[in-house]
Amino acid sequence: MDQIELRAVSFEYTANGRRVLALSDVAFGVGVSEFVCVVGRSGCGKTTLLNILAGFLTPTKGEVLMDGKTLHGRGLDRGVVFQDFAQLFPWRTAQRNVEFGLEMKGVPRDERAATARRFLTLVGLDKFTGAYPHELSGGMQQRVAIARALAYNPSVLLMDEPFAALDALTREDMQRLLADVWRETKKTVVYVTHNVAEAVYLADRIVIMTPHPGTVKSQITVTLRRPRDPLSIEFLEYQKRVVADL
Amino acid sequence: MSRGLARFFAGAVASFGLAAVVWEAFAWSGLFSPALSPSLRVIVPTLVGMVSSGMIFLHIGYTLYRILWGLALALLLGIPVGLLMGRFKAAERFVLPLVSVLSPIPSLAWVPVFILWFGLGDAASIALVFYAATFPVVLNTWTGVRSVNRLWIRAAQAMGAGGADLFRKVVLPGSLPFVIAGFRQAFARSWIAVVGGEMIAATNWGLGWVIFDSKEFLRADMMLGTLIVIGVLGVGFERLVFQQLERRTVGRWGMVRTAKA
């Protein structure tokens with residue numbers, strides 16, 4: 001059974017007195033521990049979709065099931081990583097940022113600190129637990145954000161173009177790191193991106209969306225063995241297939 | 001850093017030197033009698049005398065006592081009100097008209113009223129400082145809450161924060177740069193209020209009273225000496241209190257750039 005199931009999800013909003021259909025009848029499932037990338041041009045509603053999964057928005061039609069139950073609002077069963085580095089709290093050190101979700105869960109202080117350090121180690125930042133966000137590079141800040149979203153042990157990780165604002169080399173490092181983290185933590189991941197190579201590198205399955213209104217055009221299962229080689233013929237073939245549908 | 005510090009002092013010496021030269025030229029010009037525009041050669045010994053007799057410290061003590069009480073009350077009232085306004089539209093709609101009307105009234109315009117209510121002495125000056133300081137605190141805190149990055153709120157909400165937790169752990173620290181700016185502005189206004197208030201409402205003590213009392217005895221040197229003391233205290237607070245406060249909080253967190261040297 002799928003862990004997340006979108007059933008004919010539509011989302012409509014009003015802008016300047018006009019109704020805009022951002023998502024129309026979006027339906028797909030995400031299996032347990034599956035890595036799904038949602039790919040599409042800007043305006044295809046992929047961020048709206050992620051905001052619905054995160055519980056920031058409610059579908060105007062249709063519903064989202066999580067573990068078989070209708071999703072209502074936000075919850076600690078999902079971790080969210082945004083694109084903007086500014087998502088970290090500047091007044092908290094890396095470790096205290098990672099502890100935030102644990103604080104909300106009522107985890108005692110010592111256990112919080114230990115868990116936070118463990119997840120910072122997982123993303124390779126064990127030497128920077130005491131650093132404030134502004135003292136870290138963009139890539140490091142995003143790694144803290146990933147550690148923060150994982151630390152309170154949600155079963156699903158929702159990521160909205162987390163590496164889009166990074167330079168190309170850092171982005172590749174981060175993709176490798178994320179693939180490793182995913183292999184170790186076995187989280188279910190929904191990852192929104194407009195970067196085709198990134199999607200082919202990370203995803204078990206790619207959901208391709210097209211705009212006006214946002215709909216699912218096709219889905220491509222990526223069966224390449226991991227770790228994947230972005231320079232292999234097969235990798236490029238997948239990229240071509242995705243681009244053809246965009 | 002030390003080179004920057006040296007440069008800073010060089011700049012300060014040059015500007016003070018120029019100001020001193022201009023003052024001396026004015027003092028010796030004969031535009032006013034020497035009793036009204038005394039030379040620095042008179043002012044400085046007077047100042048030294050005020051300091052060495054210890055009298056000036058008593059006056060400073062009284063003035064600071066009034067400022068700190070008024071300021072503390074202003075923070076105690078202003079920060080919660082500003083926070084509430086930023087959080088609840090109803091509070092904003094209720095408080096803002098009142099603040100908009102009261103805040104442009106110069107605090108000194110209240111002096112006669114406060115004298116009638118509180119009599120001469122500390123209470124009137126404290127009330128005056130409180131009046132002058134509250135509005136900058138309220139308005140800056142309110143702005144601070146509204147300027148909190150929405151992404152912090154979203155991230156916190158995604159991690160299960162809501163209500164009081166969200167407010168205490170995200171909104172409050174997130175608005176701190178503005179709260180500190182409000183504190184700083186409130187302090188500047190408090191100086192104006194307290195010195196002005198003491199001129200009229202104080203008896204025997206306080207820097208404002210010294211200035212006013214010196215006028216009675218035509219002691220321009222004492223008046224000007226006291227003005228210098230007020231200026232030095234202002235700089236001292238800026239350096240030792242506000243810049244330190246900023247450096248240890250919002251500066252440390254990279255939320256504002258702190259002043260150098």
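The model is predicted, so local features need pLDDT of at least 70 and side-chain atom pairs pLDDT 80 or more, while totals for chains, interfaces and linings use all residues. Residues are numbered from 1 along each chain as its sequence is written, chains are lettered from A in the order in which they are written, and side-chain values use heavy atoms, without hydrogens and water.

Strands here are DSSP runs of E with at least two residues, helices are runs of H or I with at least four, and both are numbered from the N terminus; two strands pair if DSSP finds at least two bridges between them. Strand S4 (residues 61–66) of chain A is joined to S5(A) by 2 bridges, and A:Leu65 faces A:Thr70 in S5(A).

Strand S2 of chain A also holds A:Asp25, which has a positive phi of about 50 degrees although it is not a glycine. B:Leu218 lies in the loop between helix H10 (207–216) and helix H11 (220–248) of chain B and is exposed, with a relative accessible area of 54%.

Two cis peptide bonds are worth a look as well. One runs from A:His212 to A:Pro213, with omega near -10 degrees, and A:Pro213 is in the loop between strands S9 (205–210) and S10 (215–221) of chain A. Another runs from A:Arg226 to A:Pro227, in the loop between S10 and helix H7 (233–245) of chain A.

Now to where the chains meet. The contact (heavy atoms within 4.5 Å) takes 21 residues from chain B and 25 residues from chain A. About 2100 Å² is buried between them, 67% of it from carbon and sulfur atoms; this is the accessible area (1.4 Å probe) lost on putting the two parts together, summed over both. The interface has 2 salt bridges, each a side-chain nitrogen of Lys or Arg within 4 Å of a carboxyl oxygen of Asp or Glu. A:Glu135 forms one with B:Arg252, the closest N and O atoms being 2.8 Å apart. On the side of chain B that touches chain A, H7(B) gives the most, with 7 residues.

How values were computed. Buried means under 20% relative accessible area, exposed over 50%, partly exposed in between (1.4 Å probe, protein chains only).
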